[in-house]
Amino acid sequence: LKAEVIDDAVATRPLAARDVCVEMGCFVGYTAIRLGWRFGNQERCWPRFTRVLSTEFDAIHICVARRHLDAARLATTAEDWPGHVPW
């Protein structure tokens, strides 16, 4: 179900040349991988341009998410940054 929601959202509004998708709370990287895979297939204006930026507060989750992004070969398309986004 979550994958379908993500795919529908991406299909509704693809990113423009320099747009970046921001996700607050990466956990283990599932959504970052899904978004990176979808947005990484679009034509890019700049090679190796980060399309998805996820933030995460917990250091363990950052490590796991980065490992998953590396395994999916999306480390240049999606990034997981440590930190908290204030509301």
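Reader: Which residues in α2 are buried?
Author: This is a predicted model, so local features need pLDDT of at least 70 and side-chain atom pairs count only at pLDDT 80 or more, while totals for chains, interfaces and linings use all residues. Numbering starts from 1 along each chain as its sequence is written, and side-chain values use heavy atoms, with hydrogens and water left out. Buried means under 20% relative accessible area, exposed over 50%, partly exposed in between (1.4 Å probe, protein chains only). In α2, the buried residues are T31, A32, L35, G36, F39 and G40.

Reader: What arc around the axis do they cover?
Author: The arc is taken over the directions from the helix axis to the C-beta atoms. An α-helix has 3.6 residues a turn, so residues three or four places apart point the same way. These residues sit on the same side of α2 because their arc is only 145 degrees.

Reader: Which elements do the buried residues of α2 pack against?
Author: Helices (H or I, at least four residues) and strands (E, at least two) are DSSP runs, numbered from the N terminus. Contact means heavy atoms within 4.5 Å. The packing partners of the buried α2 residues are α1, β1 (21–24), β2 (52–56), α3 and β3 (78–82).

Reader: What pattern does the protein follow along the sequence?
Author: There are 3 helices and 3 strands. Read along the sequence, they give α-β-α-β-α-β.

Reader: How far apart are the C-alpha atoms of A32 and L69?
Author: A32 is in helix α2 and is buried, at 1% relative accessibility. Beyond four places in sequence, A32 touches E23, C26, V52, S54, L69 and A78. A32 and L69 are 37 residues apart along the chain, yet their C-alpha atoms are separated by 7.8 Å.

Reader: Which residues is C21 in contact with, leaving aside neighbours within four places?
Author: C21 is one of the core residues that touch the most other members. Its contacts beyond those neighbours are L15, L35, F39, R51, V52 and L53.

Reader: How much accessible area does the nonpolar patch of V20, V22 and M24 have together?
Author: M24 lies in strand β1 and is partly exposed, at 46%. Areas come from the Shrake-Rupley method with a 1.4 Å probe, and for residues only the protein chains shown count as cover. Together the three residues have about 260 Å².

Reader: Is R73 buried or exposed?
Author: R73 is in the loop between α3 and β3. Phi of R73 is near 60 degrees, a positive value in a residue other than glycine. With a relative accessible area of 76%, R73 is exposed.

Key: A nonpolar core is a set of buried Ala, Val, Leu, Ile, Met, Phe, Trp, Tyr and Cys residues joined through side-chain atoms within 4.5 Å. Patches are made of residues with over 30% relative accessible area and no salt bridge: like charges are joined within 9 Å, nonpolar side chains (Val, Leu, Ile, Met, Phe, Trp, Tyr) within 5 Å. A salt bridge is a side-chain nitrogen of Lys or Arg within 4 Å of a carboxyl oxygen of Asp or Glu.
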